[in-house]
Amino acid sequence: MKAKIKATKTRKASARSEKVEPSSGNVFANLCFQDAEERLLKTKLATKIAQLIEKKGWTQAQTAERTALDQPKVSRLLRGQLSGFSADRLFAVLNRLGHSIEVRISAKERPPAKSHTRVMIG
């Protein structure tokens with residue numbers, strides 16, 4: 001019993017010494033991916049696609065028929081393996097699922113370092 005208590009105290013002490021940094025809001029940027037904005041965009045689009053498919057109750061085969069993808073690609077998409085998917089291709093899938101896509105470019109110009117990409121799903 002004493003050994004167990006000692007181990008717990010050691011873990012707590014080491015946890016306090018770890019440095020915690022706030023997130024930027026983009027896990028890919030936090031991990032220093034050069035294409036962090038694109039990866040986040042594709043992830044959000046794929047997540048929405050998966051939610052819509054689940055809501056409709058479709059199988060991967062039914063989804064493939066309706067989205068002009070083959071079943072293995074649907075499977076990859078639903079598992080988050082997005083290397084073969086561009087944002088444009090994911091936009092097309094959303095259109096085939098019956099949803100419109102709107103892209104808005106801000107009227108106000110900002111310095112490149114302060115510019116950003118934001119995906120709003122609603």
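The mean pLDDT of the protein chain is 86, and 87% of its residues reach 70 or more; pLDDT is the predictor's confidence in each residue, from 0 to 100. This is a predicted model, in which local features need pLDDT of at least 70, side-chain atom pairs count only at pLDDT 80 or more, and totals for chains, interfaces and linings use all residues. Residues are numbered from 1 along each chain as its sequence is written, and side-chain values use heavy atoms, with hydrogens and water left out.

**Overall fold**

- The protein chain has six helices and zero strands, which gives the pattern α-α-α-α-α-α along the sequence.
- Helices (H or I, at least four residues) and strands (E, at least two) are DSSP runs, numbered from the N terminus.
- Where pLDDT is low, the predicted coordinates should not be read in detail.

**Buried residues**

- Of the 122 residues in the protein chain, 22% are buried; buried means under 20% relative accessible area, exposed over 50%, and partly exposed in between (1.4 Å probe, protein chains only).
- Thr67 belongs to helix H4 (residues 60-67), and Thr67 counts as buried because its relative accessibility is 0%.
- Thr67 and Arg96 are 29 residues apart along the chain, yet their C-alpha atoms are separated by 5.4 Å.

**Salt bridges**

- Side chains of opposite charge can pair when their charged atoms come close.
- The count comes to two salt bridges, each being a side-chain nitrogen of Lys or Arg within 4 Å of a carboxyl oxygen of Asp or Glu.
- Arg39 pairs with Asp35 at 2.8 Å, N to O; Arg39 is partly exposed at 32% relative accessible area, and Asp35 is partly exposed at 33%.
- Asp70 pairs with Lys73, with their closest N and O atoms 3.5 Å apart; Asp70 is partly exposed at 35%, and Lys73 is partly exposed at 29%.

**A positive patch**

- On the surface, Arg104, Lys108, Arg110, Lys114 and Arg118 gather in a patch of positive charge.
- Patches are made of residues with over 30% relative accessible area and no salt bridge, where like charges are joined within 9 Å and nonpolar side chains (Val, Leu, Ile, Met, Phe, Trp, Tyr) within 5 Å.
- Lys and Arg count as positive and Asp and Glu as negative, while His and the chain ends are not counted.
- Arg110 lies in the segment after helix H6 (87-96) and is partly exposed, with a relative accessible area of 37%.

Technical notes
Areas by Shrake-Rupley, 256 points an atom, 1.4 Å probe, with all protein chains shown as cover. Charge placed at Lys NZ, Arg CZ, Asp CG, Glu CD.
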